[in-house]
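Biologist: I have a model open and want to learn how to read it. Can you take me through a helix and then some charged pairs?

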Amino acid sequence: QINLTWKNKIAESRELVSCQIASISKIINGFSRELYSEFSFDDALSKRVTEELVKNGIKVYSAAVTENKDKKTEVIITHDSCYGRHMCVKEIIPIVNDILEKNMNKDVYHCSIAIEDGKNICKLKLAEEQTFTVTAGVSRMTKSDSKESGDNHTFMNLGNGSYLLALSDGMGSGARAKEESAASIELFENFMEAGFQKDVAVDLINSVLVLKSEPKSFSTLDICIINMYTGICEFAKIGACESFIVSRDKTEVINSATLPVGILDRVDMETSSIGLCDGDLIVMMTDGVRDCFISEDDRGRLENLIQSMKNKDPHTVSETILNTAIELSGGIAKDDMTVLSAKIRKKTAYKRQEKI
């Protein structure tokens, strides 16, 4: 019996290693596509930017206007350093905006200064401003008889034109559940910031949890990634309960019937994509909150409650839903409870400033 147990364990480990190698091949394939992706240069616009900057007394060595693989405009300008006087924000960016008729922002906030031929040269990179902004709020409650919550969450701008919302619910409650969900969230954050695709990131997290020596080490993952240029919202649910998207005239429910990560060798993940508009509200929650709305009447009450708060700020939405759930459960938190809400707003389009 012992020999059979170890043979099964070895076979399971080999299967997981093959899954990890497959994930690595996807990563390398993605890098190769990025290396060979074509950037289109607009020579006419590049020349016009250079001439206009020089005309305004800015010493420019080079300017390049490009379109990246996502069809977004980028501008790279090499000019004399202003030694921290923020000439790029005050003078260069407004001129570039007028020429391109788009809102452009610095790709990074710090100055990139290099010494070339005894001159202090500043290399400025401008990226097309994102179309949407996201504000998020979260409310949490630990299980009444537990010292630590097994739920973890994150919301962050990934810096590549995407915004991440994620929830993870560890098995049970307490320190061990907290450790499992925290590992899932932290690993997913790191993989996404490194530029990995979400399915590869989830596969690697699953391998880590399955290979842990402790039995029954698993957690749910509820992921929402918003494209800040197009407004397309992509959900990926692994063992997570439903989420809600509230628009002006309807409430859409995103369901899932999958197992958490860390149970099977291969992840069972359901994905869906939805286009968001200005003012839309996203509500995500763990099952500790959802299970408080057991009956059909309670479920209808939850949807009506969320719909009624479409104009509220995300923190108020999360707090109201959590308080209502606690009220329905008799004032006692029977499980760890977390509600994560986010509202998307559309920025104003570029408008040329009239010169006085």
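Modeller: Gladly. Keep in mind that this is a predicted model. Start with helix H2, residues 43–55. At 1.5 Å a residue, its 13 residues should span 18 Å, and the end C-alpha atoms are 18 Å apart, so expectation and model agree.

Biologist: Which residues of H2 are buried?

Modeller: Buried means under 20% relative accessible area. In H2, that holds for Ser46, Val49 and Leu53. Look down the helix axis: the buried residues fall within an arc of 60°, so they line one face of H2.

Biologist: What covers the buried residues of H2?

Modeller: The cover includes strand S2 (60–67), strand S3 (73–80) and helix H3 (87–100).

Biologist: And which residues are exposed on the other side of H2?

Modeller: Asp43, Ala44, Lys47 and Lys55 are exposed there.

Biologist: How do I read the two ends?

Modeller: Take the start of H2. A side-chain oxygen of Asp42 comes to within 3.3 Å of the backbone nitrogen of Ala44. After H2 comes Gly57, with a positive phi near 80°.

Biologist: Now the charged pairs. How many salt bridges does the structure hold?

Modeller: The general idea is that side chains of opposite charge can pair when their charged atoms come close. This structure holds eleven salt bridges. One of them joins Glu148 and Lys178, at 3.2 Å from N to O. Glu148 sits in the loop between strand S7 (132–141) and strand S8 (151–157), and Lys178 in helix H4 (residues 175–193), so the pair ties together parts 30 residues apart in sequence.

Biologist: How accessible are Glu148 and Lys178?

Modeller: Glu148 is partly exposed at 31% relative accessibility. Lys178 is partly exposed too, at 35%.

Biologist: Which residue forms a salt bridge with Glu180?

Modeller: Arg176 does, with the closest N and O atoms 3.3 Å apart. Both residues lie in helix H4, four residues apart, which means about one helical turn separates them. Glu180 is buried, at 1% relative accessibility. Arg176 is partly exposed, at 39%.

Biologist: Is Lys198 buried or exposed?

Modeller: Lys198 counts as buried, at 15% relative accessibility.

How values were computed:
Residues are numbered from 1 along each chain as its sequence is written. This is a predicted model: local features need pLDDT of at least 70, side-chain atom pairs count only at pLDDT 80 or more; totals for chains, interfaces and linings use all residues. Side-chain values use heavy atoms; hydrogens and water are left out. Helices (H or I, at least four residues) and strands (E, at least two) are DSSP runs, numbered from the N terminus. The expected span of a helix is 1.5 Å times one less than its number of residues. Buried means under 20% relative accessible area, exposed over 50%, partly exposed in between (1.4 Å probe, protein chains only). The arc is that of the directions from the helix axis to the C-beta atoms. Contact means heavy atoms within 4.5 Å. A polar contact is a pair of N or O atoms within 3.5 Å; within protein, one must be able to donate a hydrogen and the other to accept it, and residues adjacent in sequence count only if both atoms are side-chain atoms. A salt bridge is a side-chain nitrogen of Lys or Arg within 4 Å of a carboxyl oxygen of Asp or Glu.
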